[in-house]
Amino acid sequence: MLKIAVLVSGGGTNLQAIIDAIEKKELTNTQIALVISNKKDAYALTRAAEHGIKSCCISPKDYADRADYDQAMIDAIRGSGAELVVLAGFLVVLSARFVDAFSHRIINIHPSLIPSFCGDGFYGLRVHEAALKRGVKITGATVHFVDSGTDTGPIIMQKAVEVQDGDTPEILQRRVMEQAEWKLLPAVIQAIADGRVPIG
Ligand code: GRF
């Protein structure tokens with residue numbers, strides 16, 4: 001059984017996709033051991049509670065310095081027994097200390113086909129605004145391992161999505177979520193649970 005910790009900051013639709021896949025038994029041999037949000041009002045925490053999943057808020061604001069925050073995160077994740085850390089819309093930039101603590105055991109979902117529209121400043125709607133501005137006809141989503149850079153770690157899986165005439169950033173964001181993100185993230189977790197994608 002692969003135990004995972006899911007880190008969130010907002011709405012948590014990707015968390016929901018993982019929960020749904022587990023409940024429908026489309027995602028097997030996987031258990032969400034803990035959900036951690038950096039924001040106490042994140043709707044993702046409500047989603048966890050509604051499904052009886054252990055969750056907590058750990059905010060950098062509540063710690064004297066970054067090292068203390070990192071240690072609290074590391075302790076919570078280790079204490080949960082999670083072997084894999086899943087970033088699902090987690091907007092806190094990770095420190096080298098945190099990444100080293102879970103080397104090759106952290107995955108992130110990014111709403112573009114890396115290496116396009118990624119790196120510093122490319123998050124949320126900004127990614128889709130940039131894709132539309134550049135006029136690409138295909139975009140998509142990427143799940144990758146997290147290293148010390150921003151969106152620079154090894155790519156695990158990608159899924160393409162068509163851009164359509166008349167798309168707004170909001171419409172494109174929704175299509176990328178529906179057609180790519182919500183399928184890709186459970187698929188990658190299944191591949192890891194099955195041992196098809198080795199982790200640290
Ligand atoms: C998603 O687009 C994800 O790719 C990005 O942040 C967004 C999070 O959405 N990293 P949600 O909180 O899962 O609904």
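Domain 1 (1-103) and domain 2 (110-142 + 149-192), with bounds from an automatic or database domain assignment, both give residues to the shell around the ligand, so the ligand lies between them. This is a predicted model, in which local features need pLDDT of at least 70 and side-chain atom pairs count only at pLDDT 80 or more, whereas totals for chains, interfaces and linings use all residues. Residues are numbered from 1 along each chain as its sequence is written, and side-chain values use heavy atoms, with hydrogens and water left out.

The shell (residues with a heavy atom within 4 Å of the ligand) consists of Gly-11, Gly-12, Thr-13, Asn-14, Gly-89, Ile-109, Pro-111, Met-177 and Glu-181. Oxygen atoms of the ligand lie 2.8 Å from a polar backbone atom of Gly-12, 2.9 Å from a backbone N or O atom of Asn-14 and 2.6 Å from a polar side-chain atom of Glu-181. Of the 360 Å² of accessible area that the ligand has on its own, the protein covers 86%, as computed by the Shrake-Rupley method with a 1.4 Å probe. Helix H1 (13-23) and helix H6 (169-193) are the elements that give two or more residues to this shell, helices being DSSP runs of H or I with at least four residues and strands runs of E with at least two, numbered from the N terminus.

Two backbone features remain. Most residues other than glycine have a negative phi, and most peptide bonds are trans. Asn-29, in the loop between H1 and strand S2 (30-37), has a positive phi of about 60° although it is not a glycine. The peptide bond from Ile-114 to Pro-115 is cis, with omega near 20°, and Pro-115 is found in the loop between strand S5 (106-110) and helix H5 (125-134).

Key:
A polar contact is a pair of N or O atoms within 3.5 Å; within protein, one must be able to donate a hydrogen and the other to accept it, and residues adjacent in sequence count only if both atoms are side-chain atoms.
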